[in-house]
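Here are some friendly notes to read alongside the structure. Please have it open as you go through the points.

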Amino acid sequence: MNDNILEIQNLNVQFKTFEGKFSAVRDVSLTLKRNESIGIIGESGCGKSTLAFSIMRYLASNAEMDGVLNFNGKDLMENTESEMDKIRGNRIAMVFQNPSTSLNPSLTIGFQLDEVGIMHQKLSKKDARKASIAALELMNIGDPKGTAKRYPHQISGGIQQRICIAMAILCKPDVMILDEPTTALDVTTEAVILDSIKDLKDKLDMSLIYISHDMGVINKVSEQIVVMYNGEVVEQGPKTKIFENPSHPYTRALINCMPRGGVVKENTKLNTIKGYVRRRGIIESGCPYVDRCDARNDTCEAKYGMRMIEESHTAACDRAYAEDIEDTIIKKRKPRVRIEQPKELHTVLELEDLHKVYGSRRKIYAVNGVDVAVNGGTVIGIVGESGCGKSTTGHMVAGLHKPTKGKMIFNDTDITSGWRKRSPETLKDIQLIFQNPGRSLNPSHTVEQIIGRPMQRLLHINSKEERRKKIISMLHKVDLGGEYLAKKPNQLSGGEQQRVAIARALSISPKLIVCDEPTSALDVSVQASVLNLLNDLQHDSEVTYFFISHDLNVVNYISDTIMVMYAGKICEYGKRDEVMSKPFHPYTEALLSAMPEVDPTKQKDPIRLEGGLPDPAKKPKGCPFAGRCHKQVGKICEEQYPPMVKFSDTHYYNCHIANPEM
C-alpha cells in the first residue's frame, strides 16, 4: 500500500481578471504521508489558501487549474462535480479561519452537525445526533447535549471553532485541511484547540495540512514545514531543520520578524521585510522574492531552482546566510539608544474601582473593579482571554463607554463621563487605534480626509495647505508617502491601512493612545513593521500606550508594565520582566505556558484550562478563576475574593496562595 495519501505534482492555478491573468499557485509539488502533518507558512497573498481550495476543488469560476492532485491513488482533477461532493467533507475535510461565517446563524449547532452524518454517511436522524454528540465529546466540549441545542451566537468564538473541527471529523476523513483556525483566538483557547487537533490526528489516523502565518503555531501541530512565497514553494523540510538552518532568505526573514522570548524593544528592533507580495503575471519567471531580498546578487536568476540542502530538506535558494552580502539582520539587532526616561515618572492616568455593567434586566458584569495607575511615556500591556474586560476598559478610557461605577483621572482631570462631555483638549489628548483598520477608516474618504479631519476639528487647522503639509509629514513618519493622499482605504493593504490609522491617531499629538489589538489581524512581517513604528514614535513623542493584546509575545516585546485581567478583574500586575520571567498567579502561569514558541526545541507543555470564563451575567463571588484553577487551595477560593499579595512596589497579584513557592 502506498504510504502517500496525497501527492500534488506541478499544480498551477491562474485567475482571469479585468487587469489580465495572474498566477496564484505556480508549479507546486508536495507529498503528504498517512498520519503526517504538514504546516504551510507564508504572508497573505502567498497562495496558501488557494492551494487548500485547489485540493478541495473549491475555486471560483474565473480560475484555471492544471497539474496532478493524486488522492488515494486517483487524480482529483479528473473527478466530476458529483464525485467531488462524495469526497468533500467525507474523505477530505476543511476548517476555515472564521467560524462565524462557517456556521449558519439561523440553525442550531446540533442540526448543522447532524446534516453531515445524514448527507455523507446516510445515517438516520437519531444515529446522526449520536454521532454529533460523540464528535463534540471528542473536542472536550462540556455539556455537548446542551451545546447541540444552542445557536452559534450563544457560544464563544473558541467553542464555535471547536464545533467546526467536530463537523470536519464526523466522517473520520483521511485528510483535514485547517486554514488559520486559531488566528483570532486567545492563547489558552488556541492551546486547547491545537492539543485537540494533535490528539484527533492520532486517534483517527488522519493526515493534516495546517495553514498559518505564525511559525510558533505551525511548530505545535506540524512535523514538516512548507514555506510558500507568491504562489511557489520556496523551502520545505522538517521543522527543526527549517528553524536551525533556513536556507531561503524569505524563510530566515519570516523567522526573524517574529517577537519571541528574550526579544524586547530596548535591545532589539524587529526585522522587517521591505515591500509587499505583488501579483505575478503568468509569463514572469525566476525568483519571485528577488525584489524584496537583501541577499540577492547577479546570479540569483540564473541559479534559481529547487535543490537539496540536506536529506529531506530542499530550498529554491541557499543564500539566506550569503557572506558576500552585508547581514542587515545583525545590524538591526544591535542595542538601540533609547531616550532616557525622566527621573520622576508622572502618572498620566488613574483608574479607581472601575466597573462596567451592561443591560438592565439581564445584567452583564464586564469590568468588576480595576485599580491601576499608568505612568506617562510608558507602555502598559493588558492581556487576558476574550471576555475578560480588556477592550471594555480601553473603550472606557477612550470615552466610548461610560463607567457604571468608579473614577478615571487623566492628567488631574476627571474623565469619567463619556466623550460627549469631555473637553476638546481631552478629546485631543486621548486617541484610539482599533483592531480592524478596514472598519475604522471611512471607505468613502481619502487618506488626506481621514488624517486631516481630526486636525481640522480638534486643532482648528483650517488652512488646507497647512493641513496637507502636516499630513505628508505624518505619512513619512509611518513609512508612507505623499502619493497616498488621494487613495481610499480599499486601495490599501492591511498593513498600509493600519499605518494610516496610526497616522490619524498621532496627527494631533495625543498624550495617551489606546491600542486595541492593533496587530492581531496582520502578517508577521507587517506586525513587526507596525511594532517598530509604534516603538519609534513613542520614543520621539513620549506618548503613553494603553496596549491591549492576546498575543503575549507582542506584549512582552513592546510593554514596560503588564496587567493580566480575568473576568473583569486584575490577576497580576508588574513590570514586564517581573510578570514574564516568574509569574505568580496560576492564570498568568497558564497563559505563559500556552505561548507558541518559534523555536521548535523550546516547546512547553501547556497548562490546559478546562471550561470557560465564569458567567458574566452572575455577580462574581470568590476568586473568578477558582473553577479552572490548577492550584486551588480549597473552599476559600470559591467563597472569598483573594487578597492582594505584594512582592514589591511595582509587582502584586490577587490570590489565596500567600506563598507563591507553594
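1. Let's begin with helix 7: at 1.5 Å a residue, its 13 residues should span 18 Å, and the end C-alpha atoms lie 19 Å apart, which agrees. The expected span is 1.5 Å times one less than the number of residues. Helices are DSSP runs of H or I with at least four residues, strands are E runs of at least two, and both are numbered from the N terminus.

2. A word on the source: this is a predicted model, where local features need pLDDT of at least 70 and side-chain atom pairs count only at pLDDT 80 or more, while totals for chains, interfaces and linings use all residues. Residues are numbered from 1 along each chain as its sequence is written, and side-chain values use heavy atoms, leaving out hydrogens and water.

3. Is helix 7 mostly covered or uncovered? It is mostly covered, with 12 of its 13 residues buried (under 20% relative accessible area; exposed is over 50%, partly exposed in between; 1.4 Å probe, protein chains only). Among the buried ones are G158, Q160, R162 and I165.

4. The largest nonpolar core has 103 residues (a core is a set of buried Ala, Val, Leu, Ile, Met, Phe, Trp, Tyr and Cys residues joined through side-chain atoms within 4.5 Å). Helix 7, residues 157-169, gives the most to this core, with eight residues. I165 and M176 are among the residues with the most contacts inside the core.

5. Apart from that core lies another, of 33 residues, including L6 and M56.

6. Finally, look at F434, in the loop between strand 19 (430-433) and helix 16 (437-440). F434 counts as partly exposed because its relative accessibility is 30%.
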